[in-house]
Amino acid sequence: MTDHITISDGENGVRLIVIDRPQKKNALTGAMYDAMRGALEEADASAAIRAVVFAGQPGVFSAGNDLADFLGQARNGFSDAPALRFIRQLARTDTPMVAAVDGIAVGIGATLTLHCDLVYASSVARLRMPFVELGLVPEAASSYLLPLRVGRLKATELLLLSETLDADAAYALGLVNAVMPADMVVEHALAQAARLAALPQGALAASRRLIRGDRERVEAALEAEAKAFDVQLQSPESQQRLQAFLSRAKPA
Ligand code: COA
C-alpha cells in the first residue's frame, strides 16, 4: 500500500495512474513500483480498462528510482526488486499506455515512456537518463529501445553522457508525439487514451503487437541489463555516487 500512487478509472475505459510524491520529486519507492505494476496487471485482466495514462505532478513527472532505495537493493539484489518487476510488467502489458510528461523525467521516469504507445510532453519537460553517471547501467530495455528509436550515436549521448533532452529535442527525435502547455498535457493524454479505448479491441490489440515488434527481444534486453545493473549496484563506484547524492557531497 502507498499513498504516493493514485489510481482512478474513468467510465470511458481509461485508467489514470498518478505519481504523487512531489516532496521527493516523485522518486519511486518499492511500494510505488508495486502499486503501478498492480495497476497494469489489473488493466490487462479487466475488460473494462482499455487504456492507461501515466502522469506526475505539475513540473515533475518523476526523478526516477528513489536513490536511497537503490542502496538497499545493493544489499538485497536487483533480480527480484519491485523496480525490475514493474519493468517486466511494462514490457508485457497489453493495454495501451500513454504518458503525460510535465517537467523532469529522470531515469525510469524517462525510460518508461519508451514503452508507452503515445507520449505527450509539456514545454518544460526534461528527459534525462543518468545511469552511467551514477555508476549504473541503463534499464527498462532502454539500451535496446533507445538506439532503435533515435540511432546509436544519439542514444550514446543520452545513455553514456547523460545529456538532457528538452521537450522540443525529444519531439524532434520522435520520442514524444506533441509538446504543449503544461496545463493541457494530462487532459490531452486522457483524450488520446479515450480514443484508443474506443477502438475495436481485437484490431487494436493485433495492430499494437505489429507496431511494437518483438516483445521477446525487449524482454531479453531488460533481463541482460538487470544482470549488469545488479553487478554495478554493488560496485564501489555506484555506492560512492549514490551516497554522494544522498549526502549532497561531490564524488571524489
Ligand atoms: N531519490 C530520492 N530522493 C530524491 C530523488 C531520488 N531520485 N530525486 C530527488 N529527491 C529528493 C531530494 O533528495 C530532496 O529531498 P530533501 O528535500 O529531503 O532534501 C527532494 O527530492 C527535492 O530534490 P532537489 O534535488 O532538492 O530538487 P531540484 O529541483 O534541485 O532537483 C532533480 C531535481 C530531479 C534534478 C534532482 O533531485 C536529481 O537529480 N535527483 C536525482 C535523479 C536521479 O539521479 N534519479 C535516478 C536515475 S537512475
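In the predicted model, the residues that line the second largest pocket divide into 15 nonpolar, five polar and seven charged. This second largest pocket holds about 670 Å³ of space, and of the 27 residues in its lining, C116, D117, R208, I211 and R212 lie nearest its centre. At least two lining residues come from each of β7 (118-122), α5 (142-150), α9 (201-212) and α10 (215-233), and among the contributors to the second largest pocket α9 gives the most, with six residues.

The largest pocket has a volume of about 850 Å³. Its lining is made up of 38 residues, and those closest to the centre of the largest pocket are A63, L67, L134, F245 and R248. The elements that give two or more residues to this lining are the helices α2 (67-76), α3 (82-92) and α11 (236-247), together with the strands β6 (104-106) and β8 (126-128); of the contributors to the largest pocket, α11 gives the most, with four residues. When the lining of the largest pocket is sorted by class, 23 residues are nonpolar, four are polar and eleven are charged.

The ligand is found in the largest pocket, as the space that the ligand takes is that pocket. Around the ligand there are 16 residues, of which K24, A63, N65, L67 and R248 come nearest. A63, L67 and R248 are also listed among the residues closest to the centre of the largest pocket. By class, the shell around the ligand consists of nine nonpolar, three polar and four charged residues.

For K24, a polar side-chain atom lies 2.6 Å from an oxygen atom of the ligand.

Definitions and conventions
Residues numbered from 1 in each chain as written. Predicted model: local features only at pLDDT ≥ 70, side-chain atom pairs only at ≥ 80, totals over all residues. Heavy atoms only, no water. Near = heavy atom within 4 Å. Polar contact = N/O pair within 3.5 Å; in protein donor to acceptor, adjacent residues only side chain to side chain. 1 Å grid on protein atoms, 1.4 Å probe; cavity = no way out; pocket = protein on both sides within 12 Å on 5 of 7 lines; lining within 4 Å. Sits in = over half its atoms within 2 Å of the grid points. Nonpolar A, V, L, I, M, F, W, Y, C, P; charged D, E, K, R; others polar. Points joined across faces, edges and corners; volume = space filled by probe spheres on them.
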